[in-house]
Each structure stands twice: as structure tokens, then as C-alpha cells.
Amino acid sequence: MHDVRPARLIDIPALMEIRASVRENALVALRLSREDYVQALTVDGRGFVCDVDGQTVGFVCGRPSKGDIWALFVREAYQGRGIGSALLDVAEAWMFEQGLDALMLTTAPGTRAERLYRLRGWQCEGPAGPAERAYRLLRPTTTGRPAR
Ligand SMILES: CC(C)(COP(=O)(O)OP(=O)(O)OC[C@H]1O[C@@H](n2cnc3c(N)ncnc32)[C@H](O)[C@@H]1OP(=O)(O)O)[C@@H](O)C(=O)NCCC(=O)NCCS
């Protein structure tokens, strides 16, 4: 049974550890500090984490001030059981509640993440740097479908 809850500053070491543990969309050039997480989770946006049996296994962070999903990561051993989707459900809903009409993110082509975003209605906007694509999700209409 997994439980999604708001992220707290005390979670940051676990979030950094999860982010460093994944193979796809791994950080190559960019080194993120604790301060980067504090900024993302408290000033620019909010985060949500997923706990399984008391262990934090995944997290998402959305930044209304930038209009983007800054991070979505699930430990390898816990991938493929709906945790990423559950985290995105909460983060997308929260971002739209903040009044945004569209959300952005970037991800590497051919990854599980890219498949998941496409399945959820995110539209590819084109390349974003040498090894990334930009995706956009429009605010759902009352029919539940993204607006056109
Ligand atoms: C992208 C990521 C966050 C998705 O998390 P996840 O928990 O694996 O996501 P889900 O389980 O919700 O969905 C992924 C897969 O499980 C399937 N799935 C979803 N719910 C499921 C369920 N209840 N039972 C079984 N399978 C399920 C989905 O169909 C999907 O299948 P596919 O990958 O074979 O196409 C995770 O794979 C990850 O951390 N990847 C590495 C880092 C990364 O790329 N992050 C994104 C940066 S932009």
C-alpha cells in the first residue's frame, strides 16, 4: 500500500538519494545541492512523496512560479506499480489548482518517463537541448480532456 503526502524539508536527503539512484534521466552535468531542493520545495513550488512501509520511495516536485514539473523520481525497485502515476496525479492537480493553464517539463526520449507522460496526455513540443524533449500538459476541461 502506498501513501502520497506533502514533502517536508526533513525528506530532502531521501529525495537526493532517490534522484541519484535512477538510471534513466540521471543527472549528468548538473549537481543539485540541498539549497536547490529547499528553493524548489518551499519558494518555487511544493513536493509530494510516496512512502511504502515507512520508506520514501518516490517524489515529485512542481513549481508554479516556473510552470513546470521540476522532478519526478521513483526508486528502481518500486517502478512499474503505479507510484509515478499517483505522484503525477497529485502534482498536476495541485499545479492546476494554483491557476496555471499549462504545465511544462523536459525528459529524455525513449524513457519510461516519456511513455508515461504521453499516456497521460502530455504533448511533445520539440527538442529541449541535445538529449531532451519538452512536453506540455494543458489544463483539463470539465470533460476531463485537455483543452485544445
Ligand atoms: C518515470 C517514473 C517516475 C515513473 O514511475 P513509475 O512508478 O514507474 O510509474 P508507473 O508505475 O505509474 O507507470 C510506469 C509503468 O507502469 C505501468 N503501471 C502503471 N500503474 C500500474 C499498476 N498499478 N500496476 C502495474 N503496472 C502499472 C504503466 O503502464 C507503465 O508501464 P511502462 O513503463 O511499461 O510503459 C520512474 O520510472 C522513474 O523514476 N524513472 C527514472 C527517472 C525519470 O526518468 N524521471 C523523470 C524525469 S523527467
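Arg 23 and Glu 76 form a salt bridge, with their closest N and O atoms 2.8 Å apart. The model is a predicted one. Arg 23 sits in the loop between α1 (12-21) and α2 (34-44), and Glu 76 in the loop between β4 and α3, so this pair ties together parts that are 53 residues apart in sequence.

**Salt bridges**
- Side chains of opposite charge can pair when their charged atoms come close.
- In total, the structure holds 12 salt bridges.

**Contacts with the ligand**
- There are 20 residues around the ligand, and those that come nearest are Asn 25, Leu 72, Gly 82, Ser 85 and Arg 112.
- In the side chain of Ser 85, an N or O atom is 2.4 Å from an oxygen atom of the ligand.
- The side chain of Arg 112 has an N or O atom 2.6 Å from an oxygen atom of the ligand.
- The ligand taken alone exposes 920 Å², and the protein buries 74% of that.

**The pocket and its shell**
- The ligand takes up the space of the largest pocket.
- Two or more residues of the shell come from each of these elements: β4 (68-74), α3 (83-97), β5 (102-107) and α4 (112-119).
- Which element gives the largest share of the shell around the ligand? The answer is α4, with five residues.
- Sorted by class, the shell has eight nonpolar, eight polar and four charged residues.

How values were computed. Residues are numbered from 1 along each chain as its sequence is written. This is a predicted model: local features need pLDDT of at least 70, side-chain atom pairs count only at pLDDT 80 or more; totals for chains, interfaces and linings use all residues. Side-chain values use heavy atoms; hydrogens and water are left out. A residue is near a molecule or strand if one of its heavy atoms lies within 4 Å of it. A polar contact is a pair of N or O atoms within 3.5 Å; within protein, one must be able to donate a hydrogen and the other to accept it, and residues adjacent in sequence count only if both atoms are side-chain atoms. Accessible areas come from the Shrake-Rupley method with a 1.4 Å probe; for residues, only the protein chains shown count as cover. On a 1 Å grid over the protein atoms alone, a cavity is a set of points where a 1.4 Å probe fits but cannot get out, and a pocket is an open set with protein on both sides within 12 Å along at least five of seven lines; lining residues have an atom within 4 Å of a point. A molecule sits in a cavity or pocket if more than half of its atoms lie within 2 Å of its grid points. Helices (H or I, at least four residues) and strands (E, at least two) are DSSP runs, numbered from the N terminus. Ala, Val, Leu, Ile, Met, Phe, Trp, Tyr, Cys and Pro count as nonpolar, Asp, Glu, Lys and Arg as charged, and the others, Gly among them, as polar. A salt bridge is a side-chain nitrogen of Lys or Arg within 4 Å of a carboxyl oxygen of Asp or Glu.
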